[in-house]
Amino acid sequence: GSDWVGLKNFQFFFSSQDAWRVTRNTLGYNIIFISTVIIGSALIAILLYEIKNRKAVKAYQTILFFPYFLSFSVVAYVGYALMNVDFGVLNGIARSIGLEEVFWYSEPKRWILMLPAIHFWKAAGYNVIIFYAGMMAIDPSYYESAAIDGASKLKMTTSITLPMLKPIIIILTLVMVGR
């Protein structure tokens, strides 16, 4: 039963003093979230690809993929359980080895580290599986010829793996921007 206001809410928001700060923070956090998940997932997938024991790879994939199925409420609670000042796991470990407690929630600079880490834990598993599948599709003869030419693992990764994964990186980035 309320009146139609059209775009007046947007007009109010963009005329407020906080519009630039809120927009900047939103875009900044999304850039941090997307870049950490893409880079970290690619790195983990590359490390998984180097493991030759298939059972170990399946176990690691399961462990990495599990948080993807959890709701953000559960993920937030796990983050709270880890970083609570009084009862948190991280501060408990710090106290046990004689370090000072960290007040994760009271300092803004801590949020810069904490939020991307929790988001990475939730989102990385899905992307690791996609990157790993993409790496499985790369023809092994590329790696064999690079090894014959004397290329190191790092050189093979930067010259073969990452260029071949470029389409997947672009698609996953676009999907994450769309979310």
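Start with the contacts across the whole chain. Take those with a separation of 6 or more: residues 24 or more positions apart account for 63% of them. Keep in mind that this is a predicted model.

**Whole chain**

Switch to a cartoon view. The chain has eight helices and zero strands. From the N terminus on, the elements run α-α-α-α-α-α-α-α. Along its principal axes it spans about 70 × 50 × 30 Å. The radius of gyration of the chain is 21 Å, whereas a compact globule of 179 residues would have one near 16 Å. Colour by burial next. Of the 179 residues, 28% count as buried.

**The largest core**

Select Ile38, Ala45, Phe131, Tyr132, Met135, Tyr143 and Ile160. These residues have the most contacts inside the largest nonpolar core, which has 22 residues. Which helices each supply at least two residues of this core? They are H2 (19-49), H6, H7 (140-148) and H8 (153-178). The largest share, eight residues, comes from H2. In general, nonpolar side chains in soluble globular proteins tend to be buried together.

Zoom in on Ala45. Beyond residues up to four places away in sequence, Ala45 touches Val128, Phe131, Tyr132 and Met135. Another core lies apart from the largest one. That other core has seven residues, among them Met83, Trp104, Met114 and Ile118.

**Along helix H6**

Select residues 108-136, which form helix H6. Is His119 buried or exposed? His119 counts as buried because its relative accessibility is 18%, and the cut-off for buried is under 20%. Show the contacts of His119. Leaving aside neighbours within four places in sequence, they are Phe33, Val37, Phe72 and Met176.

Move on to Lys122, also in H6. Lys122 is buried yet has no salt bridge. How far away is the nearest side chain of opposite charge? That side chain belongs to Asp86, 27 Å away. Look instead at the backbone of Leu70. The backbone oxygen of Leu70 lies 2.5 Å from a polar atom of the Lys122 side chain. Display the surroundings too. Lys122 touches Pro67, Tyr68, Leu70, Ser71, Phe72 and Val75, not counting residues up to four places away in sequence.

**Salt bridges**

How many salt bridges does a search of the whole structure find? The search finds three. In general, side chains of opposite charge can pair when their charged atoms come close.

- Select Asp18 and Arg21. Their side chains meet in a salt bridge at 3.2 Å, N to O. Asp18 is partly exposed, with a relative accessible area of 38%. Arg21 is partly exposed as well, with 40%.
- Select Glu50 and Lys153. Their side chains meet in a salt bridge at 3.1 Å, N to O. The pair links distant parts of the chain, 103 residues apart. Glu50 is in the loop between H2 and helix H3 (54-65), and Lys153 is in helix H8. Glu50 counts as partly exposed at 35% relative accessibility, while Lys153 counts as exposed at 52%.
- Select Glu101 and Arg95. Their side chains meet in a salt bridge at 2.4 Å, N to O. Glu101 counts as partly exposed at 27% relative accessibility. Arg95 counts as partly exposed at 36%.

Methods. Residues numbered from 1 in each chain as written. Predicted model: local features only at pLDDT ≥ 70, side-chain atom pairs only at ≥ 80, totals over all residues. Heavy atoms only, no water. Helix = DSSP H or I, 4+ residues; strand = E, 2+ residues; numbered from the N terminus. Buried < 20%, exposed > 50% of the residue type's maximum accessible area, 1.4 Å probe, protein only. Lys, Arg positive; Asp, Glu negative; His and termini not counted. Salt bridge = Lys/Arg side-chain N within 4 Å of Asp/Glu carboxyl O. Polar contact = N/O pair within 3.5 Å; in protein donor to acceptor, adjacent residues only side chain to side chain. Contact = heavy atoms within 4.5 Å. Core = buried A, V, L, I, M, F, W, Y, C linked by side-chain atoms within 4.5 Å. Rg over C-alpha atoms; globule rule 2.2 N^0.38 Å.
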